[in-house]
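These are notes for a colleague who is opening this entry for the first time. Please read them with the sequence and the structure side by side.

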Amino acid sequence: MRSFTAAVLSCAVTVAGCARGCGSPPPDLPRDFGDMTAQAPDALSYLVMARAIVEHRGRRAVPEPPRVAGRRAFLVAWRAPSEPLFASASGATLADAVASAADVLAAQMQDARGMRLEVDFAVSAEGAALESESTAMVSIGQSGVLAAGESGKAAFVLPGEIVQRGLFRRPQGSQQSALDAEKLEALLADRAAVSKEDLKRMRLYRFRADAYVESSDHERALAVYRGMVQPPAHVTAALLFDGVRRGADYLARVLSEEGRYVYMYHPAEDRDDAGYGWLRHAGTTYALLEAYEQFAVPLYLEKSERALAYLKRRMRNDRESQGKYVLDTLDEEQQKVGGAGLALLAFAEHAAATGKRDNIDTMRALARFIAAQQFADGHLRSNADLPEESGKKRKREPIYYPGEAILALMRLYAIDPQHAYLETARRAADWIVHTRDANTTEDTQEHDHWMAYACNDLYRATSDPAYVSHAQKIARAILKKQKNSANAPAPDWIGAFYQGESTLAATRLEAYDSVIRLTRFTGLPDSGLLGAAQNAGTFLVGQQFGTENAYWLRNPSKVAGGVRESLFVSDVRIDYVQHAMSAWLHLARILEDPAYGARRP
């Protein structure tokens with residue numbers, strides 16, 4: 001772990017021209033941190049001892065941990081929904097330090113049932129002020145803050161808490177960030193029970209630590225990195241299928257009786273967001289129906305049908321085409337096509353999974369609208385096709401709406417084989433392949449996962465090699481941007497893209513899945529895509545909340561199965577879950593069955 005972070009730590013602790021806290025007393029590392037040179041052994045033995053003390057059974061109730069030179073240890077009792085308790089201590093040995101911190105926690109708790117203990121062992125430290133310069137995102141969550149006073153009074157914020165509590169600032173769209181000095185100052189002063197002025201007279205440090213939390217059964221010590229339990233090193237089909245199930249359970253749980261999802265949940269605050277998005281409602285219902293098709297869980301079908309009924313009531317009618325569409329905003333003309341496409345995709349998946357055709361009229365109306373938006377050259381209506389309005393600059397729309405519509409038409413064609421659906425889809429795809437993306441390179445090609453899906457379906461229906469070539473170009477473009485063990489700035493970034501966003505990884509994994517299936521169908525090699533897909537799948541597994549890694553949140557049972565926004569933001573939105581589920585499902589099938597996607601005999 002340290003080899004990844006060494007390069008960024010100097011950046012993380014460089015502070016406005018100060019090697020230590022400006023205006024604060026000089027640092028005294030031996031006094032405040034002890035001997036940090038020895039590798040701390042067997043974190044579990046320290047957690048077992050700490051639990052015995054916190055449960056009032058005493059230190060001697062369990063075997064003594066191995067003797068290691070004394071250093072500062074940090075201990076947290078996570079007790080959702082109650083506030084966590086924090087303690088820190090140094091000692092002649094590391095066990096003495098942990099025991100002293102556990103004594104502090106024990107004095108504040110009569111009942112330790114249901115809590116999880118985390119222990120952090122300091123491994124390096126440097127004097128630093130709270131005010132920090134702009135720094136790369138990778139440094140956020142790798143250093144904590146300690147304030148130490150002359151009377152033995154101390155307060156700290158763990159490295160993981162910087163991310164968990166959002167104690168940093170990041171301008172929109174920026175790859176740079178800075179610690180939120182105001183929030184840190186208030187939190188440290190509160191924990192030290194001192195005024196902000198008195199805090200300034202304490203010795204201030206940034207420190208790194210090796211962090212571990214008890215497993216839910218208290219039998220293992222789980223490594224924690226950047227505030228999150230580290231995922232397994234490799235994914236298996238069983239692990240991915242489990243992720244899909246847990247994601248489906250989350251979606252089913254947050255769907256109301258009327259058929260509306262909790263669109264976004266803020267787990268750090270245990271707060272539902274009031275916003276909503278109808279296109280994402282449709283896409284999420286598609287993923288829930290995919291889970292039903294795989295696992296045949298009646299609840300998934302019941303909930304998805306409720307969501308489809310709710311979606312039906314929100315559809316808009318188009319008199320000219322006698323069709324229907326779904327829309328979130330009037331700023332994107334092509335969103336009508338994408339909305340119709342995602343709605344059609346959800347209804348078509350319901351028909352495929354259940355064999356029912358009771359929504360065929362709705363599906364045909366959605367398809368009519370899409371067809372009516374097509375121009376002679378094959379492209380689908382967008383803002384660029386609208387008449388200019390004086391003083392109004394129209395928004396550049398996302399590129400993925402056409403792919404959503406093309407895929408939806410192909411899925412309808414599979415259950416209602418009208419040639420017009422295939423023809424509309426083919427003409428729209430040909431415009432993308434031969435016009436929109438004709439001159440793109442692997443550096444400029446859009447990572448259009450919906451188009452990768454569509455190319456897979458189109459080639460199976462037409463045998464046009466242009467769809468194979470285009471899908472492969474999309475995959476190669478994605479591959480060039482993916483983080484791997486050689487270029488990832490930190491270990492939790494392996495398999496990710498850009499700034500560690502979950503959906504950017506999930507959608508690209510969906511593209512990989514589609515292209516792998518297509519190469520299996522054509523007999524072509526996957527050109528390393530399977531390994532890249534497994535890396536992306538592993539990264540995504542680390543972003544899903546569950547029993548082992550949601551211990552620090554206020555309502556762990558509510559967030560279980562949800563997928564967080566990124567390595568730095570814990571919010572869960574329904575499309576984060578949707579895309580992860582679809583990506584995992586097809587990768588699991590690929591890993592489980594070498595013939596998945598191939599031609600049938």
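**Notes on the structure**

1. Pro-81 sits in the loop that links β1 (73-78) and β2 (85-89). Helices (H or I, at least four residues) and strands (E, at least two) are DSSP runs, numbered from the N terminus. The peptide bond leading from Ala-80 into Pro-81 is cis, with omega near 5 degrees.

2. On the source: this is a predicted model, in which local features need pLDDT of at least 70 and side-chain atom pairs count only at pLDDT 80 or more, while totals for chains, interfaces and linings use all residues. Residues are numbered from 1 along each chain as its sequence is written, and side-chain values use heavy atoms, with hydrogens and water left out.

3. β1 and β2 run antiparallel and are joined by 5 bridges; two strands count as paired if DSSP finds at least two bridges between them. Leu-75 has Ala-87 as its bridge partner in β2. β1 also pairs with strand β3 (residues 116-127), in the antiparallel sense and over 6 bridges, and there Ala-77 has Leu-117 as its bridge partner.

4. How many residues of β1 are buried? The count is 6 of its 6 residues, where buried means under 20% relative accessible area, exposed over 50%, and partly exposed in between (1.4 Å probe, protein chains only). In a regular strand the side chains alternate between the two faces of the sheet. In β1, Ala-73, Leu-75 and Ala-77 point one way, while Phe-74, Val-76 and Trp-78 point the other way.

5. An open sheet of 3 strands has the order β4-β8-β7, with antiparallel pairing. Its edge strands, each pairing on one side only, are β4 (135-136) and β7 (168-169). β7 is paired with strand β8 (residues 176-179) in the antiparallel sense over 2 bridges, and Arg-169 stands opposite Ala-178 in β8.

6. Gln-322 is exposed, with 56% relative accessibility.

7. The largest nonpolar core has 171 residues. A nonpolar core is a set of buried Ala, Val, Leu, Ile, Met, Phe, Trp, Tyr and Cys residues joined through side-chain atoms within 4.5 Å. Helix α20 (residues 574-592) gives the most to this core, with 11 residues. Among the residues with the most contacts inside the core are Phe-33, Leu-344 and Trp-493. Leaving aside neighbours within four places in sequence, Leu-344 is in contact (heavy atoms within 4.5 Å) with residues including Met-363, Ile-370 and Leu-412. Apart from this core lies another, of 32 residues, among them Ala-87 and Leu-117.

8. Does the length of helix α9 (residues 278-295) agree or disagree with what its residue count predicts? At 1.5 Å a residue, its 18 residues should span 26 Å, and the end C-alpha atoms are 26 Å apart, which agrees; the expected span is 1.5 Å times one less than the number of residues. Of those 18 residues, 15 are buried. Just after α9, Ala-296 takes a positive phi of about 55 degrees.

9. Helix α16 (residues 465-481) has 17 residues and reaches 25 Å from its first C-alpha to its last, close to the 24 Å expected. Its buried residues include Tyr-467, His-470, Lys-473 and Ile-478. Elements covering the buried residues of α16 include α14 (419-436), α15, α17 and α18 (529-541).

10. The largest pocket holds about 1200 Å³ of space and is lined by 41 residues, of which Arg-280, Thr-503, Leu-504, Arg-573 and Asp-575 lie nearest its centre. α17 gives the largest share of the lining, 5 residues. On a 1 Å grid over the protein atoms alone, a pocket is an open set of points where a 1.4 Å probe fits, with protein on both sides within 12 Å along at least five of seven lines; lining residues have an atom within 4 Å of a point. Grid points are joined across faces, edges and corners, and the volume is the space filled by probe spheres set on the points.
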